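I opened this structure to take notes on how its parts pack. The entries follow the order in which I looked things up.

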Amino acid sequence: MVQKVDHIGIAVKNLDEALKFYEDVLGLKCAGSEVVEEQKVKVAFLPIGDTEVELLESTEEDGPIAKYIEKKGEGIQHIAYRVANIEEAIEEMKSKGIRMIDEKPRYGAGGAKIAFLHPKSTHGVLIELCERD
């Protein structure tokens, strides 16, 4: 079902400061950014081969990324796995007893359809399923 690691989501307090590190120190290049209002987040995309790092900055004090940083600090927030059909992948996860945060796909950054698995079902890792056209 899983085709590859689509991206690694990293929660940051300040997107511009984090970009300086990833670009100036690691030599990665930002391929663009966007605000996903529904998720209260601004995302910057840093491709690496056929995957990417997504830097995530909260746009609201009560957003999921702000809450994550408040609880755990900056760092890896989730790992996204590419799937061919997100609806089928969600149903397969549910049939295997996996607790879902999203039982229906929602809009994600970069035009992806996404759904999150609950970390209580995944040994503490927030996993995102991601379908791209």
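Which strands do the buried residues of H1 pack against? I looked this up before anything else. They pack against strand S1 (2-11), S3 and S4. I keep in mind that this is a predicted model.

**Entry: helix H1**

I listed the buried residues of H1 next. They are Leu15, Ala18, Leu19 and Tyr22. Viewed down the axis of H1, the buried residues fall within an arc of 105 degrees, so they line one face of the helix. I then checked the face turned away from that buried side. It carries the exposed residues Asp16, Glu17, Lys20, Asp24 and Val25.

I looked at both ends of H1. Asparagine 14 caps the N-terminal end, with a side-chain oxygen 3.0 Å from the backbone nitrogen of aspartate 16. Glycine 27 follows H1, and its phi is positive, near 80 degrees.

**Entry: the nonpolar core**

I asked which residues form the largest nonpolar core. I found eleven: Ile10, Val12, Leu15, Ala18, Leu19, Tyr22, Leu28, Ala44, Leu46, Val53 and Leu55. Helix H1 (15-25), strand S3 (41-48) and strand S4 (51-58) are the elements that give two or more residues to this core. H1 gives the most, with four residues. In soluble globular proteins, nonpolar side chains tend to be buried together.

Leaving out residues up to four places away in sequence, tyrosine 22 touches Ile10, Gly27, Leu28, Leu46, Val53 and Leu55.

**Entry: isoleucine 48**

I moved on to isoleucine 48, which lies in strand S3. Is it buried, exposed or partly exposed? Isoleucine 48 has 40% relative accessibility, so it counts as partly exposed. Not counting residues up to four places away in sequence, isoleucine 48 touches Leu28 and Val53. The C-alpha atoms of isoleucine 48 and leucine 28 are separated by 7.5 Å, with the two residues 20 apart along the chain.

**Entry: the sheet**

I traced the strand order. The sheet is open, has eight strands and runs S2-S3-S4-S1-S5-S8-S7-S6, with mixed pairing. Which strands stand at the edges? They are strand S2 (33-36) and strand S6 (106-107). Each has a single partner strand, so one side of each is left without a neighbour in the sheet.

S2 and S3 pair in the antiparallel sense over four bridges. Valine 35 has lysine 42 in S3 as its bridge partner.

Helix H3 (residues 86-95) also packs on the sheet. I found H3 touching strand S5 (75-83), strand S7 (113-117) and strand S8 (127-131). The direction of H3 makes about 150 degrees with that of S8.

**Entry: two loop residues**

I looked up threonine 122, in the loop between S7 and S8. Its relative accessibility is 11%, so threonine 122 counts as buried. A polar atom of the threonine 122 side chain lies 2.3 Å from the backbone oxygen of valine 125. Threonine 122 touches Leu117 and Ile127, not counting residues up to four places away in sequence.

I ended with glycine 111, in the loop between S6 and S7. Glycine 111 counts as partly exposed, because its relative accessibility is 45%. How far apart are the C-alpha atoms of glycine 111 and arginine 132? I noted 7.1 Å for this pair, 21 residues apart along the chain.

Note on methods: Residues are numbered from 1 along each chain as its sequence is written. This is a predicted model: local features need pLDDT of at least 70, side-chain atom pairs count only at pLDDT 80 or more; totals for chains, interfaces and linings use all residues. Side-chain values use heavy atoms; hydrogens and water are left out. A nonpolar core is a set of buried Ala, Val, Leu, Ile, Met, Phe, Trp, Tyr and Cys residues joined through side-chain atoms within 4.5 Å. Buried means under 20% relative accessible area, exposed over 50%, partly exposed in between (1.4 Å probe, protein chains only). Contact means heavy atoms within 4.5 Å. Two strands pair if DSSP finds at least two bridges between them. Axes are lines fitted to C-alpha atoms, for helices over the stretch in contact, and angles run from 0 to 180 degrees between N-to-C directions. The arc is that of the directions from the helix axis to the C-beta atoms. A polar contact is a pair of N or O atoms within 3.5 Å; within protein, one must be able to donate a hydrogen and the other to accept it, and residues adjacent in sequence count only if both atoms are side-chain atoms.
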